[in-house]
Amino acid sequence: MASVPGTTQLIKEDNVTHSFCGLASVGWLYQKIKDSFFLILGTHTCAHFLQNALGMMIFAKPRFGIALMEESDLSRQDPKLEDVIAEIRRDHHPSVIFLLSSCTPEVMKVDFKGLAHSLSTSEVPVLFVPASGLVYNFTQAEDSVLQAMVPFCPEAPAGEKSVVFVGSVNDSIADDLRSEAEELGIKVGGFLPENRFDQLPAIGPDTVLAPIQPYLSRVVSRLNRERGSKVLRSLFPFGPTGTRVFWEDLAAMFDITVDLHEREQAAWDRISDQVDLLKGKRVFFTADTMMELPLARFLKNVGAEVVECSSAYINKKFHARELEALDGVKVVEQPNFHRQLQDIKQDNPDLIVTSLMTANPFVGNGFIVKWSMEFTLMPIHSWSGVFTLANLFVSPLQRRNKLPEFDESVWLKGVMPSAGH
């Protein structure tokens with residue numbers, strides 16, 4: 001058990017996270033970086049996963065694909081992808097191709113860096129992205145993608161002070177962040193990632209990096225180390241309080257003093273109905289998206305009781321302000337899921353925020369559940385995202401109120417026929 005600023009006790013356990021692998025990040029990143037193609041080197045298992053997880057995107061001519069490894073590939077030094085890359089360039093005309101690793105080739109010690117280098121051209125670079133579920137939580141693969149892009153960000157000369165927002169968000173949230181910053185008198189240098197690979201922001205010693213997703217500690221640390229960029233250390237812009245603190249702290253880094261308490265109160269007023277429903281509710285977070293800390297902090301601000309906030313990985317420096325704001329909450333890194341099951345049965349929380357893989361069993365035992373992955377896909381940042389964020393927590397509670405009483409016989413008895421019948 002490790003202490004963090006305040007009285008928050010950070011408990012470190014040792015369990016495997018019940019989460020998707022990093023390949024899931026392709027679902028939002030290929031849509032964000034519109035001149036890209038994501039090529040996954042994997043097995044039929046990877047293909048099956050993406051077919052099911054991202055199958056609804058097939059009709060939109062998605063810019064991602066899988067180079068399947070067959071048994072015959074196991075005896076080769078490195079896979080041969082020249083023909084696949086040529087086909088991608090011919091059919092999709094990308095500005096960049098991201099080559100993602102998966103578990104099997106990682107275990108085989110495929111030289112991904114060398115492979116990507118041999119496939120690259122000056123016109124269309126092929127960038128290696130480590131995304132294996134053996135190492136990375138699924139949101140962390142975005143961190144790997146952004147790190148691969150760092151060498152292609154132009155160097156901003158000293159003296160050019162601007163903010164670069166770090167993290168993938170949809171266009172409406174990006175427009176909101178840009179306009180809010182400019183209204184405060186803050187020059188916006190761009191976003192990492194931008195909508196196009198050929199429009200990456202210039203980053204230098206007078207760039208202020210403003211991370212807007214809580215799972216991007218590695219790319220921020222790298223830019224701070226390699227470019228000398230300053231890093232905003234604040235709350236993440238989720239919910240009225242987090243958004244106010246985020247903008248006030250960012251403005252202070254540009255020597256701008258601003259008080260946004262009235263703006264915060266107006267945001268709370270907009271979600272007063274949701275606050276009334278959430279206040280006093282007991283909520284349990286199992287580890288999944290690495291967004292758990294700021295989401296739990298929002299619920300604490302609302303007046304809910306966070307029974308436990310667990311996350312796959314916690315960086316004490318990167319998450320310091322969120323950990324301070326969770327003073328008094330039980331925070332667990334890499335939680336033991338079996339221990340959590342016992343605690344949940346005993347504590348009987350009003351709402352469990354959990355992964356897609358564990359949601360149905362909880363529902364089958366009568367609990368109200370929210371899919372944690374929804375928070376990665378919805379526009380919940382800054383002022384414009386406050387209403388959506390609150391509704392994501394409220395919707396499962398409202399839905400349960402409209403359903404008939406939980407019938408244990410339907411869920412737990414006689415659902416599957418026995419082998420003898």
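A: Two strands count as paired if DSSP finds at least two bridges between them. In this predicted model, strand S7 (residues 162–166) and S8 are joined by four bridges and run parallel, and within this pair valine 163 stands opposite valine 188 of S8. The two strands belong to an open sheet of four strands, ordered S8-S7-S9-S10 and paired in parallel. Strand S8 (188–192) and strand S10 (230–231) form the edges of the sheet, and because each has a single partner strand, one side of each is left without a neighbour there. Helix H9 packs on this sheet, where H9 touches S7, strand S9 (207–211) and S10, and the direction of H9 makes about 170° with that of S9.

The charged side chains of H9 come next. In H9 (residues 239–253), glutamate 248 and arginine 244 are four residues apart, which means that about one helical turn separates them. Their side chains meet in a salt bridge with an N to O distance of 3.0 Å, and both glutamate 248 and arginine 244 are buried. Arginine 244 also meets the side chain of glutamate 264 in a salt bridge, here at 2.4 Å from N to O. Because glutamate 264 lies in helix H10 (residues 261–270) while arginine 244 lies in helix H9, this pair ties together parts that are 20 residues apart in sequence. Glutamate 264, like arginine 244, is buried.

A search of the whole structure finds 18 salt bridges, and another of them joins the side chains of glutamate 322 and arginine 297 at 2.9 Å, N to O. Glutamate 322 is part of helix H13 (residues 320–325) and arginine 297 is part of helix H12 (residues 292–302), so this pair links parts that are 25 residues apart in sequence. Glutamate 322 counts as buried because its relative accessibility is 0%, and arginine 297, with a relative accessible area of 1%, is buried as well.

How values were computed: Residues are numbered from 1 along each chain as its sequence is written. This is a predicted model: local features need pLDDT of at least 70, side-chain atom pairs count only at pLDDT 80 or more; totals for chains, interfaces and linings use all residues. Side-chain values use heavy atoms; hydrogens and water are left out. A salt bridge is a side-chain nitrogen of Lys or Arg within 4 Å of a carboxyl oxygen of Asp or Glu. Buried means under 20% relative accessible area, exposed over 50%, partly exposed in between (1.4 Å probe, protein chains only). Contact means heavy atoms within 4.5 Å. Axes are lines fitted to C-alpha atoms, for helices over the stretch in contact, and angles run from 0 to 180 degrees between N-to-C directions.
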